[in-house]
Structure formats: C-alpha cells, structure tokens
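Open the model in your viewer and keep the sequence panel beside it. This tour goes from the whole chain down to single side chains.

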Amino acid sequence: MKARVHVMLKNGVLDPQGEAVRHALGALGFDGVNGVRQGKVIELDLAEGTSEAEVTAMCEKLLANTVIESYSVELA
C-alpha cells in the first residue's frame, strides 16, 4: 500500500522559498504569477494493514510541523 502526504505552510505563514520562486519566474519573463506557495510531497510505501490513522499519527509526530504546516493524506 502507498500513501502520499502533501505538506504545505499554513495560510498566514511567510513562505520565503515560494517568494524566491515567484521572483525568479518574473525575472524569466513569466509576469502572470502573483504568488507561489512551496510545499513538499512525501511518498510512503506501507506494509499491508497500515491504517490511515497510523499515517496521520506519522504526520502529527514527524512528517509535518503542525504549528506552521498543514497536511493531507492520499492512500492508494
């Protein structure tokens, strides 16, 4: 079983990496970009029987800093 975890900074938290990407896109002539939020995707190869609750616990304890980041989980 596989899980994909999407981690993003919460709204209101400054995203300097996203701002750097937005600035670089403008420098390359892509002027239509008003904002960029950068995140990360974590792919997990899980043992059969691993529950969504276990993946959520992994996110809460390690994979996401829940003070400043939000996350979503996709199971496949």
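Start with contacts across the whole chain. Take those with a separation of 6 or more: residues 24 or more positions apart account for 67% of them. Keep in mind that this is a predicted model.

**The whole chain**

Switch to a cartoon view. The chain has two helices and three strands.

Now show the C-alpha atoms. They fill a box of roughly 50 × 25 × 15 Å along the principal axes. A compact globule of 76 residues would have a radius of gyration near 11 Å, but this chain has 16 Å.

Buried residues make up 20% of the 76 residues.

**The charges**

Colour the charged side chains. There are 7 positive and 11 negative ones. The centres of the two sets lie 4 Å apart.

How many salt bridges does a search of the whole structure find? It finds three. Visit each in turn.

**Stop one: Lys2 and Asp45**

Select Lys2 and Asp45. Their side chains meet in a salt bridge, at 3.9 Å from N to O. Lys2 belongs to strand S1 (residues 2-9) and Asp45 to strand S2 (residues 39-45), so the pair ties together parts that are 43 residues apart in sequence. Check the surface here. Asp45 is exposed, with a relative accessible area of 64%. Lys2 is partly exposed, at 49%.

**Stop two: Arg4 and Glu43**

Stay with these two strands and select Arg4 and Glu43. Here the side chains form a salt bridge of 2.6 Å, N to O. Arg4 lies in strand S1 and Glu43 in strand S2, so this pair links parts that are 39 residues apart in sequence. Is Glu43 buried or exposed? Glu43 counts as exposed, at 56% relative accessibility. Arg4 counts as partly exposed, at 35%.

**Stop three: Glu19 and Arg22**

Move to helix H1, residues 16-27. Select Glu19 and Arg22. Their side chains meet in a salt bridge, 2.5 Å from N to O. Both residues lie in this helix, three residues apart, which is about one turn of the helix. Glu19 has 40% relative accessibility and counts as partly exposed. Arg22 has 25% and also counts as partly exposed.

**Last view**

Zoom out and show the three salt bridges together.

Methods:
Residues numbered from 1 in each chain as written. Predicted model: local features only at pLDDT ≥ 70, side-chain atom pairs only at ≥ 80, totals over all residues. Heavy atoms only, no water. Helix = DSSP H or I, 4+ residues; strand = E, 2+ residues; numbered from the N terminus. Rg over C-alpha atoms; globule rule 2.2 N^0.38 Å. Buried < 20%, exposed > 50% of the residue type's maximum accessible area, 1.4 Å probe, protein only. Contact = heavy atoms within 4.5 Å. Lys, Arg positive; Asp, Glu negative; His and termini not counted. Charge placed at Lys NZ, Arg CZ, Asp CG, Glu CD. Salt bridge = Lys/Arg side-chain N within 4 Å of Asp/Glu carboxyl O.
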